[in-house]
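Let's take a friendly walk through this model. Have a look at the sequence and the 3D view first.

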Amino acid sequence: MTTLPLEEILKQAKSAIESTVDLKSLEDCRVRYLGKKALLSEHLKTLGQLPVEKRPVVGQQINEMKQTIQHLIEKQADVLTQKKITAELAKESIDITLPGRSLNSGSIHPITHTCNTLRDIFTQMGFIFMEGPEIEDDNHNFTALNIPPFHPARAMQDTFYFPNGTLLRTQTSTVQIRAMKTMPLPLRMVAMGRVYRRDFDLTHTPMFHQLECLMIDETVSFANLKGVLTQFLQAFFTLKTAIRFRPSYFPFTEPSAEVDISCLNCEGKGCRICKQSGWLEILGCGMVHPNVLKGAHIDTKRYRGFAFGVGIDRLTLLKYGMSDLRTLFENDLRFLQQF
Ligand code: DAH
């Protein structure tokens, strides 16, 4: 069998190794030149045919060549590995000049925001917060609030009734009754929540939110009512907010009043928003009617109370200068994202 001269094998191996492009073809090279069936191994097999004195010399030559080739392979392996890493890095590199994708963060709904503010204000004044059910009975919504069956005030509110006689509460005044029946006196409570009426236009929605406030103690007077209202409205709007009372009628209070605040837009000078009056209607209030106290078994000779109720949605409209109540309930993100 003819074998290539050693120098020729080394030359071929060197050029083959250096022209490999990946670790796989390098491994093929290794098998070809150093493996069991490799050309060099053929040489080793012919050693026996050489004269005895030449064998060690040629054997050493072959071994040195094996080492040289092994070294060349290792060098090339380093080069290829480095090339591979560089290529991968290039592929994975981040183009830091690309504009970033913006994260959409949610925001608190304006009504929730108003509720949070109201909770802070009344908590600081020492009021506790209570809740009541939205599905109410006739008694809590009407009778216990001094609105007996056939009382004309029942017509003031268009009510959603269920077939079993229960109803969707039309006012949070219902929670007053629950508080009087369950809480020890003296009592300072606030309730916030959803109420429902058959109404739908620019300033009315079938569901809206109210805040109800009740204070009962031995010496509670209209002056306390005015003090708490002033504190509340100035904390909610601005310190410049002035309030005024107008006589009014609610079945569950006597005397009753409606409260106006000085127009937030013109500060009382008169503008389009306040219809040139300088005032904005804001809430209803009064001294709790003795019939309501008696119904809750409260000694009317000893205790008196004030109450007021305010639309949370209306407070929100006024605070943010909005005109259409319905926008608060449409869940249009273009509108909500402004807050
Ligand atoms: N419940 C009344 C309404 O829905 C608001 C109200 C008026 C509540 C006077 C009160 C009050 O507590 O004293 O229109």
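## Before we start

This is a predicted model, in which local features need pLDDT of at least 70 and side-chain atom pairs count only at pLDDT 80 or more, while totals for chains, interfaces and linings use all residues. Residues are numbered from 1 along each chain as its sequence is written, and side-chain values use heavy atoms, with hydrogens and water left out.

## Two domains

The protein chain splits into domain 1 (6–92) and domain 2 (110–336); these bounds come from an automatic or database domain assignment. The C-alpha centres of domain 1 and domain 2 are 93 Å apart.

## Around the ligand

The ligand has 15 residues around it, and the closest are Gln-171, Ser-173, Arg-197, Gln-210 and Glu-212. To be near here, a residue needs one of its heavy atoms within 4 Å. By class, this shell has five nonpolar, eight polar and two charged residues. Asp, Glu, Lys and Arg count as charged; Ala, Val, Leu, Ile, Met, Phe, Trp, Tyr, Cys and Pro as nonpolar; and the others, Gly among them, as polar. Helix H7 (173–182) and strands E5 (207–217), E8 (279–288) and E9 (304–311) each supply at least two residues of the shell. Helices (H or I, at least four residues) and strands (E, at least two) are DSSP runs, numbered from the N terminus.

Which side chains come up to the ligand with an N or O atom? In Ser-173, a side-chain N or O atom is 3.0 Å from a nitrogen atom of the ligand. Gln-210 places a polar side-chain atom 2.9 Å from a ligand oxygen atom, and for Gln-176 the distance to a ligand oxygen atom is 3.1 Å. Taken alone, the ligand exposes 350 Å², and the protein buries 91% of that (Shrake-Rupley method, 1.4 Å probe).

## Helix H10

In H10 (residues 312–320), the buried residues are Ile-312, Asp-313, Leu-315, Thr-316, Leu-317 and Leu-318. Buried means under 20% relative accessible area, exposed over 50%, and partly exposed in between (1.4 Å probe, protein chains only). The buried residues of H10 pack against several elements, including helix H5 (110–124), strand E4 (187–196) and helix H8 (222–236). Just after H10, Gly-321 takes a positive phi of about 65°.

His-140 sits in helix H6 (residues 138–141). His-140 counts as buried because its relative accessibility is 9%. Leaving out residues up to four places away in sequence, His-140 touches Leu-145, Thr-174, Ile-177, Arg-178 and Lys-181, where contact means heavy atoms within 4.5 Å.

Gln-12 belongs to helix H1 (residues 6–18). At 32% relative accessibility, Gln-12 counts as partly exposed.

Key: A polar contact is a pair of N or O atoms within 3.5 Å; within protein, one must be able to donate a hydrogen and the other to accept it, and residues adjacent in sequence count only if both atoms are side-chain atoms.
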